[in-house]
Amino acid sequence: MASTGSHLNWPPVDGIISDLDGVVYRGNAAIPDAMEAFGRWQAAGVPVCFVTNNSTHTPGDVVRKVEAFGLAIAPKDVVTSAITAAELIRAKYPDVTRVYVIGAPSLVKAIASVGLETTDRKPEVVVMGLDRQITHEKMRTAVDAILNGAAFIGTNPDLLLPTDNGFEPGAGATITAVAAATQVKPLIVGKPETHMIETALSRLRTARSSTLLIGDQLQTDIQAGKRAGLPTVLVTTGVPVREDPSLIPPDFIVSSLREVEVPPMIAGSSRQRRA
Ligand SMILES: [Mg+2]
């Protein structure tokens with residue numbers, strides 16, 4: 001059962017892994033309480049790594065966006081599903097050289113940055129993310145490659161994305177279409193899977209039990225955090241929270257990140273890091 005309200009029994013926190021949209025900002029507007037909280041944690045020396053299912057932005061894009069809101073971070077502090085997909089292909093399929101990408105330029109760039117060729121010619125892996133220029137021909141190429149034995153990777157499972165005036169289909173919607181056509185289940189990179197949490201943990205080098213996962217979505221953020229063994233905080237500043245008894249509940253629920261208490265670093269000692 002999650003705890004709510006103030007005066008909570010917060011665990012010792014050596015590091016923070018946080019979602020972005022709905023936690024740090026909503027669309028193009030900063031969430032002031034979050035800016036204040038992340039600024040305070042930075043000043044206290046608590047390392048933070050941001051994780052986002054969005055494969056259409058590079059870490060540099062995210063750095064520029066939050067810097068405009070007054071929070072200074074580095075590209076290494078941002079883990080996207082695009083970056084993680086590229087690293088996952090390298091680790092899981094070390095002999096692969098040719099990858100067919102359906103996605104935004106940021107996904108193509110991430111795949112190329114690990115030395116893989118992006119091509120529609122005999123690809124060994126198909127990677128799908130959100131592609132606002134998706135066509136039937138692109139999906140045909142993906143289906144054909146998968147039926148010829150290419151591995152199938154999806155950046156994130158999000159089916160529906162909120163827009164300024166409604167909704168649009170997310171990457172998960174088109175990934176699902178290709179999965180239906182091929183009857184091949186894709187390997188999903190983004191939350192609620194734990195790949196990005198593991199990448200973030202390896203960057204922070206903090207212990208799971210003292211690394212707080214902050215997110216606004218029970219279905220993705222909190223499930224990923226709990227599956228990875230982290231204490232989790234659901235902040236209700238993003239998408240409306242849908243109750244679902246089949247999902248693992250968060251450890252804490254707050255309406256503002258001001259409610260999250262992270263003990264200040266003790267003067268003269270460094271935060272405990274995993275060797
Ligand atoms: Mg979110």
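**Figure 1. Buried residues of helix α1 in the predicted model.** In this predicted model, helix α1 buries A34, A37, F38 and W41. These four residues lie on the same side of α1, because they cover an arc of only 95° around the axis. An α-helix has 3.6 residues a turn, so residues three or four places apart point the same way.

Figure 2. Helix α1 comprises 12 residues, 32-43. At 1.5 Å a residue, the helix should span 16 Å, and the end C-alpha atoms are 17 Å apart, which agrees. Just after α1 comes G45, which takes a positive phi of about 80°.

Figure 3. K191 is listed in UniProt under "binding site", in an unreviewed entry. The residue is located in the loop that runs between β13 (187-188) and α7. K191 counts as buried because 29 other C-beta atoms lie within 10 Å, where 20 or more are required. Leaving aside residues up to four places away in sequence, K191 touches N53, M196, T220, D221 and A224.

Figure 4. R205 belongs to the loop between α7 (195-204) and β14 (211-215). With 13 other C-beta atoms within 10 Å, R205 is partly exposed, since a residue is exposed at 12 or fewer and buried at 20 or more. R242 is 37 residues from R205 in sequence, and their C-alpha atoms are 33 Å apart in space.

**Figure 5. Contacts between the two domains.** Domain 1 is made of two segments, 3-53 and 192-259, while domain 2 covers 82-188. The C-alpha centres of the two domains are separated by 27 Å. At their meeting point, 7 residues of domain 1 are in contact with 8 residues of domain 2.

**Figure 6. Confidence of the prediction and residues 265-269.** The average pLDDT of the protein is 92, and 93% of the residues score at least 70. Over residues 265-269, by contrast, the pLDDT is below 50. Beyond near neighbours in sequence, this stretch has 3 contacts in the model. Where pLDDT is low, the predicted coordinates should not be read in detail.

Note on methods:
Residues numbered from 1 in each chain as written. Predicted model: local features only at pLDDT ≥ 70, side-chain atom pairs only at ≥ 80, totals over all residues. pLDDT = per-residue confidence, 0-100. Contact = placed C-beta atoms within 7 Å. Helix = DSSP H or I, 4+ residues; strand = E, 2+ residues; numbered from the N terminus. Expected span 1.5 Å × (residues − 1). Arc of directions from axis to C-beta. UniProt positions renumbered as here; feature names shortened; annotations may be inferred. Domains from an automatic or database assignment.
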